[in-house]
Amino acid sequence: MIRYQITDGSIAPSPDADFIQIRNAALNARELSALVRAVLGLGLRGAVLVNDRLDVALATGAAGVHLRSHAISPLEVRRVVPAGFLITVACHCAADVLAAEGADYALLSPIFAPLSKSDDRMPLGLEEL
């Protein structure tokens, strides 16, 4: 089982998470960079990913980036990132998963109603997964 935590910084990163995705659209690049560096400084075992900000992920030395669906192609991102850089992509249907070529992980969501943000989409449920 992979443990994937999403946090805006108000919830402490879990020491048991395999991936820690930092998502906080309200922060500017400097503030987000400071948050990412603070999480990296905790020395947790989980790979730290920055939501939708490749520039911040690269500048801070994060393990990778999480891309929104229909954002830049993971194949394009691969051209400018170092070896071993992780790319995850949000996917909301089968077509999104197919378009995620080049990503390390395609994350299908929402399976359940999200707890961390409001979402007008109906949860896909376990059967769709």
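How many salt bridges does the count come to? The count comes to five salt bridges, a salt bridge being a side-chain nitrogen of Lys or Arg within 4 Å of a carboxyl oxygen of Asp or Glu.

This is a predicted model, in which local features need pLDDT of at least 70, side-chain atom pairs count only at pLDDT 80 or more, and totals for chains, interfaces and linings use all residues. Residues are numbered from 1 along each chain as its sequence is written, and side-chain values use heavy atoms, with hydrogens and water left out.

| Salt bridge | Closest N and O atoms |
|---|---|
| Arg68 and Asp52 | 2.7 Å |
| Asp55 and Arg53 | 2.7 Å |

Arg68 lies in the loop between β4 (64-67) and α3 (74-78), and Asp52 in the loop between β3 (47-51) and α2 (54-60), 16 residues apart. Helices (H or I, at least four residues) and strands (E, at least two) are DSSP runs, numbered from the N terminus. Arg68 is exposed at 52% relative accessibility, whereas Asp52 is partly exposed at 24%. Here buried means under 20% relative accessible area, exposed over 50%, and partly exposed in between (1.4 Å probe, protein chains only).

The whole structure also holds two aromatic pairs. Rings of Phe, Tyr and Trp (its six-membered ring) pair if their centres lie within 6.5 Å; planes under 30 degrees apart count as stacked, over 60 as edge-to-face and the rest as tilted. Phe19 is buried at 7% relative accessibility, while Tyr105 is partly exposed at 32%.
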